[in-house]
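Dear colleague,

I am passing on the structure we talked about, together with some notes on what turned up in it. Please look through the sequence and coordinates before reading on.

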Amino acid sequence: MRVVLASTSPARLMLLHQTGIDPETRAPQVDEEAVVAAVEASEGRTLSPDEHVLLLARRKAADVAAAVRADDPAFDGIVIGGDSMFALGDEILGKPYTAEAATARWEQMRGRTGVLHSGHSVFRLTPDGGHREEHAVAAASVTFAADVDDDEIAAYVATGEPLLVAGAFTLDARAAAFISHIDGDPSTVVGMSLPTLRSLVRRLGVDWTSLWVDS
């Protein structure tokens, strides 16, 4: 059975590799800001973090699933989409993009606890043209060390690592030493909850171990 990851995230790809799955990867063609803005405008409200990540995870999976089906009508497998965002108190912290923003984020986060929300969407495509889908959100709390000093923040930001990741930190690389506690599934913080993903796959009638490349 084929597995397609609707993401170019190195962290999500690494997680799947670590659990024995070697997916194809495709970049979803989704304007995330436009999608969220359109839904919020139509509903007249701001989406919650869980609603936000679930909406984008599903749109990404749906986009890639359509592209896969167009390229190969006989495709037999699953398409996995994901999205993450970090909330600190009432504030949503997306990707900082600039060194100045990343520095400000870390000055704000040290000694505090935030929540990483991760949306998951799995599409099951069959050769007869059928499809089913399942979706879920996982969340984990992240507590940052209170003694992270300005020099450490400057050195971390200078690596460029936090600029393009939600919340301006990564658990699977340099920022790990600055995180003092996690409450929840650690893989959620990396980018995709593997227990949640397994549950969705099983609900679609697929044996998780059948996805292992060495099974």
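Predicted model: local features only at pLDDT ≥ 70, side-chain atom pairs only at ≥ 80, totals over all residues.

The unreviewed UniProt entry lists Asp-83 under "active site", and in the model Asp-83 sits in strand β3, which spans residues 77-88. With a relative accessible area of 5%, Asp-83 is buried, because that value falls under the 20% cut-off. Its side chain makes a polar contact of 2.8 Å with the side chain of Lys-60, and, once neighbours within four places in sequence are set aside, the residues in contact with Asp-83 include Arg-12, Glu-32, His-52, Leu-56, His-117 and Gly-119.

Turning to the helices, the axes of α2 (residues 32-43) and α3 (residues 49-71) come within 10 Å and cross at roughly 120 degrees, so α2 is oblique to α3. Glu-32, Val-35, Val-36 and Val-39 of α2 make this contact with His-52, Leu-55, Leu-56, Arg-59 and Lys-60 of α3, and the crossing of α2 past α3 is right-handed.

Finally, Tyr-97 has a phi near 70 degrees, a positive value in a residue other than glycine, and phi of Ala-168 is likewise positive, near 70 degrees.

How values were computed. Residues numbered from 1 in each chain as written. Heavy atoms only, no water. UniProt positions renumbered as here; feature names shortened; annotations may be inferred. Helix = DSSP H or I, 4+ residues; strand = E, 2+ residues; numbered from the N terminus. Buried < 20%, exposed > 50% of the residue type's maximum accessible area, 1.4 Å probe, protein only. Contact = heavy atoms within 4.5 Å. Polar contact = N/O pair within 3.5 Å; in protein donor to acceptor, adjacent residues only side chain to side chain. Axes fitted to C-alpha atoms, helices over the stretch in contact; angles between N-to-C directions. Parallel < 35°, antiparallel > 145°, perpendicular 65-115°, else oblique. Left-handed = near helix turned anticlockwise from the far one by under 90°.
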